[in-house]
Amino acid sequence: MADQPPSPMSVEHPPGASASNDAGSLASRSRPAAGARFAALAAVVVVLGLTLVQLYRANRLCHGEFTYSTDAAYQHLTAARQLVDAGPQAWSGDASFARTMSASAAWGWTILLAGLMRLPWLSAEAAVGGGGAAMLPAAANMAFAAALLLIAGHLLRRECSAGAMFGGLVLLSVLTPAPALVLAGTEWPARAVFVLLAAAACIGLIERDDAGVGSVAKATLAVALMMLMGHEGLIVLLAIALWAIGQRRLRRMWLPLATATLLVGVMGVVVFKGGGWIAPNAWAIWWADTKAQLGREGIGYFYSGFLGSLATVVSLFALVAVALLWMRRADAASTKADDRERAAWLFVYIVTALVHVALVRGEPLAASAWLMPMGFVAVGRGMARGAASPTESRKGLVLVVLACLVPIVLIAMPSLRLTIDAPDRCADAWKTDRAVASFVRTFFPNGPVAATRCGLLTFDTNARVVDLRGLHDPQVALARVRGDYTVDYVTQRTTGAGVQIVLEDSDRVLPVGGVAAWRSIGGWCTPSDHWRIQLWAANPGMDQDARIALRLAAERAPAGVEHWFAGHAGGPPETASGPG
């Protein structure tokens, strides 16, 4: 018989067989789904246990003063505390609110922390130093890490066995890497959760023939939450919109896309009202740095951003080419929504990874962590049992799945080491950022001091801190975008504020050459990153006082905190470790 096989809708069952077959099918599908859920819960227990061990190690290395590995964690905590202190008036939309929110690249994360700080048993501790409030980011991130694994498990619950689910989710937590992100204290785990939810909701809205008002509402809400966790969500929406255009179903996405556009516009207006650029300060600084590098490197900027390898560029462009070609094959070969969704996940992940990796240019691995769960789900669904039944389509699917593994491997290679070293990174922050905050609190309690790394310094002291990087001050960020960030500009800001000392971290964001009136005193360093924070006397009259203060700080410093002192008359610097 050369006739084509009948479609699934035209298959006739023998009398009495349909109900029993359907029941057996449902039972066979529910058993692996239940086993996958149990495996996901087991993976959550293992990952949270590993995270708690890392938290304990980090706290010991920090001598009981747990310190997040990133200064951005304290930047969000400071903004959240300012919202709490301002009370209901904080939401009036005045210039103070605009200035506070411009310092946050993830408004949703800052608002969440502010809401948690209002809890009765934490509100009294949200003052300087934070108390228990300082641990809110770690607690929230542990919850989001657990949610991330459960959501990924839910999306793959019928695609793999329980054992594969458990092993895959544990591997995902290492590649993300979840424990290191918890110790970083930023919004990255929350962003990964909402990116995954938004991708799932939007792909379902595009491909499901029965998508209705409820599907539109879910996709819109998920997109709104994703955008509140950072403008990186725009990259995901770009990939989803391209897929919708290819499927000729873009009009299904009009409300989620309009919501994202509205939120970005509102954020831009608020920041602009506070004297900043058209986006949060972090994005303004990124754009300023990108413009400067484009001016120096030209077209080389783009390929050097792909992890510094031209081979990587070729690989990633090949992924997009394969995905674009296979998208039309999958559309023509399958009438099943499940098969189209598998293609959509792969396409959205590939385009998102390509654009993001092109833009991050040397950002820490954690900044790309939100890509890993999306890639995990895309590859998991692509390799699932029964995917893409036509033989030719299955071959194309396998090719795309294998291609997807390239950016996953490239992005995740350092993850294992980062997971192991996360407590040591917290210890480095304690030896430098925490030591600097203690120095200012002891010798310059009211300031004013200027700094390029202001998060913990602002959160942990009462001193007036003048931001020289622009992450906390929208006017500085705007000056960097306009190209006005010069030696004269820095001099004007520090002199006008009566700054006594300047604290510059190793990123060297200050204009090349520095301010001639400043005197190098010394600073704080770690064995792995010497001269990480440099202390300057902002005027000749502070030279001797700053030297004496740094010497006293070195004598009182706990074990492990290292100081260095600038040599006189061009002599070499000397170092000193805390006596403990």
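Predicted model: local features only at pLDDT ≥ 70, side-chain atom pairs only at ≥ 80, totals over all residues.

Visitor: Great. At roughly what angle do the axes of H2 and H3 cross?
Guide: The axes of helix H2 (residues 72-86) and helix H3 (residues 95-102) cross at roughly 155° and come within 9 Å. Axes are lines fitted to C-alpha atoms, for helices over the stretch in contact, with angles from 0 to 180 degrees between N-to-C directions. Helices are DSSP runs of H or I with at least four residues, and strands are runs of E with at least two, numbered from the N terminus.

Visitor: And which residues make that contact?
Guide: Ala-79, Gln-82 and Leu-83 from H2 meet Phe-97, Thr-100 and Met-101 from H3, where contact means heavy atoms within 4.5 Å. By class that is 4 nonpolar, 2 polar and no charged residues. Ala, Val, Leu, Ile, Met, Phe, Trp, Tyr, Cys and Pro count as nonpolar, Asp, Glu, Lys and Arg as charged, and the others, Gly among them, as polar.

Visitor: Switching to strands: which way do the side chains of S6 point?
Guide: In strand S6 (residues 562-565), Glu-562 and Trp-564 point one way, His-563 and Phe-565 the other, and all are buried. Buried means under 20% relative accessible area, exposed over 50%, and partly exposed in between, with a 1.4 Å probe and protein chains only. In a regular strand the side chains alternate between the two faces of the sheet.

Visitor: What does S6 pair with?
Guide: Strand S4 (residues 519-526) pairs with S6 in the antiparallel sense over 4 bridges; two strands pair if DSSP finds at least two bridges between them. His-563 is the bridge partner of Trp-524.

Visitor: Now Trp-430: buried or exposed?
Guide: Trp-430 lies in helix H19 (residues 415-443) and counts as buried because its relative accessible area is 3%. Leaving aside neighbours within four places in sequence, its contacts include Leu-61, His-63 and Pro-558.

Visitor: How far apart are Trp-430 and Leu-61?
Guide: They are 369 residues apart in sequence, and 8.6 Å apart in space from C-alpha to C-alpha.

Terms used. Residues numbered from 1 in each chain as written. Heavy atoms only, no water.
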